[in-house]
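User: I would like to learn how to read aromatic pairs and a chain interface. Please take me through them step by step.

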Amino acid sequence: MKDQKKIIEILSNYTDVEPDQISLDSNLVADLGFTSLDVLDMVSEFEDEYNIEIQDREIKQMKTVRDIVVYLTENA
Amino acid sequence: MRDFRIRWLDQSSEVDVRDLAPCFQERVAKYRHPFAKKQSLAAYGLLQEMLKEQEIEIDKITTFPNGKWMINDLYVSMTHTKTGVAVMLSHENDSIDMETIRKIDDPLIRHTLCENEQKFLRESHNKEKAFTICWTFKEAFIKQLFQDENMSYRSIDTTSLFEKGMYVCQRNTIITVLKEVMK
């Protein structure tokens with residue numbers, strides 16, 4: 001798996017939930033309070049960080065922190 | 001009928017979940033994040049008020065594959081942001097979206113906006129506001145779709161939709177109403 005700690009660190013910039021309260025099963029909207037623009041903003045940061053391009057249809061599949069970690073592990 | 005309302009979160013009293021119709025309680029229960037729950041409660045509370053004022057009983061709820069939904073023969077469009085919530089009820093497939101104007105960076109612009117929209121931003125005196133106008137039109141357009149079309153955000157050129165809608169800017173928030181596009 002990609003560096004989970006780093007991913008959660010980036011992710012925590014977009015929510016008021018403390019990093020130690022964020023788990024792989026945290027739902028981006030229901031648990032972390034993300035809006036669709038927050039998700040895109042965060043994904044753009046991952047794209048820059050890992051020098052990849054993530055398609056919008058793939059972003060729509062990212063419901064939990066685990067989905068992001070798995071995607072970045074397989075594609076970044 | 002076309003009715004929309006905005007409720008600012010700092011001006012609204014807390015909605016008690018028990019005062020909501022059971023079908024709305026179920027939807028609010030999905031949110032565990034405190035602020036997301038507060039937004040959701042405010043939005044469903046507002047929707048319930050609007051239905052009551054119009055003397056509309058909920059006979060039938062229709063939900064489409066992408067989550068879009070209708071109450072009886074009325075299209076429902078809901079939106080929320082850090083500052084407030086808005087609800088639109090219409091017999092036509094109209095939609096509403098609101099978003100707080102925020103700091104944006106180039107990766108987000110490149111990911112989200114098409115060439116025409118990026119030109120609109122370059123020609124604007126307020127890049128953040130211009131971005132938020134495009135974004136709310138994009139989201140409002142997506143809300144009019146009946147299924148997940150797998151569209152990329154960049155494939156939707158909102159500059160061609162501006163004449164079908166209107167926006168207002170209040171409290172650093174853009175609220176966009178878009179009339180049914182695909183008639």
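Analyst: Start with the rule for aromatic pairs. Rings of Phe, Tyr and Trp pair if their centres lie within 6.5 Å. Planes over 60 degrees apart count as edge-to-face. Keep in mind that this is a predicted model.

User: How are the planes of F64(B) and F146(B) set?

Analyst: Their ring centres are 4.8 Å apart and the planes stand at 75°, so this pair is edge-to-face. Now place the two residues in the chain. F64(B) sits in the loop between β2 (61-63) and β3 (69-71) of chain B, and F146(B) in the loop between α5 (127-142) and β7 (165-170), so the pair ties together parts 82 residues apart in sequence.

User: Which aromatic pair do Y75(B) and F146(B) form?

Analyst: An edge-to-face pair again, with 6.3 Å centre to centre and 65° between the planes. Y75(B) belongs to strand β4 (residues 74-80) of chain B, while F146(B) is in the loop between α5 and β7, so parts 71 residues apart in sequence are tied together.

User: Which residues form one aromatic cluster?

Analyst: F24(B), Y44(B) and W69(B) do.

User: Now the interface. How is its size given?

Analyst: Often as the accessible area lost when the parts come together. Here about 1900 Å² is buried between chain A and chain B. Carbon and sulfur atoms give 50% of that area. In chain A, the residues that lose the most area to chain B are L37(A), D56(A) and K60(A), together 29% of what that side buries. By contacts, 25 residues of chain A meet 23 residues of chain B.

User: How many salt bridges and polar contacts cross the interface of chain A and chain B?

Analyst: The rule finds 4 salt bridges. One of them joins D38(A) to R102(B), with the closest N and O atoms 3.0 Å apart.

User: What gives the most to the side of chain A that touches chain B?

Analyst: α2(A) does, with 9 residues. α2 (36-50) and α3 (56-60) of chain A each supply at least two residues of that side. By class, the side has 9 nonpolar, 6 polar and 10 charged residues.

Methods:
Residues numbered from 1 in each chain as written. Chains lettered and ligands numbered in written order. Predicted model: local features only at pLDDT ≥ 70, side-chain atom pairs only at ≥ 80, totals over all residues. Heavy atoms only, no water. Contact = heavy atoms within 4.5 Å. Buried area = accessible area lost by both parts, 1.4 Å probe. Salt bridge = Lys/Arg side-chain N within 4 Å of Asp/Glu carboxyl O. Helix = DSSP H or I, 4+ residues; strand = E, 2+ residues; numbered from the N terminus. Nonpolar A, V, L, I, M, F, W, Y, C, P; charged D, E, K, R; others polar. Phe/Tyr/Trp six-rings, centres within 6.5 Å; stacked < 30°, edge-to-face > 60°.
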